[in-house]
Amino acid sequence: PTSGAIHLRLTLFNGTSDPLSDLRVQNCVMLRGAPEFAQLTQDNRYLADPYVAVHDPGKSRWIISVWESCRRTWGNDRCPCMHSDPQFPDCPPGETVEVSGIVSFYEGADIDAEIERLETTGWRAFFLNQ
């Protein structure tokens, strides 16, 4: 974690003798434990591929999720969740590949400006600098 986000990394090791390709992740951010964000509706979701965000009833507090190599952003009106679903790069036998993402929290009304700000933070390269 940092002061502005939780940085996440998914890794995949190919322990087979064949290359792996087109492996996609369904990465759910479950909001059930955050009642202000857990309405069963699409009305509180904001999709700006690869970003997905959900807001509280006052539209002043947001939870944002984003993954590099995102193939699909979505929310489910039957389950309090949101998705920014990435795809792993092709992985040769014996190699490891990864994708990076963040979960961020924002207080304010201008979600577009916050997403623009997040784009300038270098979150995709966070683990390269560790």
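Which residues of helix α1 (residues 111–119) are buried? I looked this up in a predicted model, where local features need pLDDT of at least 70, side-chain atom pairs count only at pLDDT 80 or more, and totals for chains, interfaces and linings use all residues. Residues are numbered from 1 along each chain as its sequence is written, and side-chain values use heavy atoms, with hydrogens and water left out.

**Entry 1: the helix**

I found Ile111, Glu114, Ile115 and Leu118 buried in α1. I took buried as under 20% relative accessible area, exposed as over 50% and partly exposed as in between, with a 1.4 Å probe and protein chains only. Helices (H or I, at least four residues) and strands (E, at least two) are DSSP runs, numbered from the N terminus.

Next I asked what covers them. The cover includes β3 (45–48), β4 (51–55), β5 (61–67) and β8 (96–107). Contact here means heavy atoms within 4.5 Å. I also noted that α1 lies across β3, β4, β5 and β8 and runs at about 140 degrees to β8. Axes are lines fitted to C-alpha atoms, for helices over the stretch in contact, and angles run from 0 to 180 degrees between N-to-C directions.

**Entry 2: the sheet**

I traced an open sheet of five strands in the order β1-β8-β5-β4-β3, with antiparallel pairing. Two strands pair if DSSP finds at least two bridges between them. The edge strands are β1 and β3, each pairing on one side only. The twist averages 15 degrees from one strand to the next.

I then went through the pairings. Strand β1 (residues 5–13) joins β8 over nine antiparallel bridges. Leu10 has Val99 in β8 as its bridge partner. Seven bridges link β5 to β8, again antiparallel. Here Trp62 partners Tyr106, Ile64 stands opposite Ser104, and Ser65 stands opposite Val103.

On its other pairing, β5 runs antiparallel to β4, with five bridges. Ala53 has Ile64 of β5 as its bridge partner. β4 and β5 form a hairpin with five residues between them. In that turn I noted Lys59, with a positive phi of about 55 degrees.

How many of the seven residues of β5 are buried? I counted six, so I logged the strand as mostly covered.

**Entry 3: rings**

I searched for aromatic pairs: rings of Phe, Tyr and Trp (its six-membered ring) with centres within 6.5 Å, where planes under 30 degrees apart count as stacked, over 60 as edge-to-face and the rest as tilted. One pair came up. The ring centres of Tyr46 and Trp62 are 6.3 Å apart and their planes stand at 85 degrees, so this pair is edge-to-face. Tyr46 lies in strand β3 and Trp62 in strand β5, so the pair ties together parts 16 residues apart in sequence.

Trp62 is buried, at 6%.

Last, I checked for charges over rings, meaning NZ of Lys or CZ of Arg within 6 Å of the ring centre and within 35 degrees of the ring normal. Arg72 lies over the face of Trp74, 4.3 Å from the ring centre.
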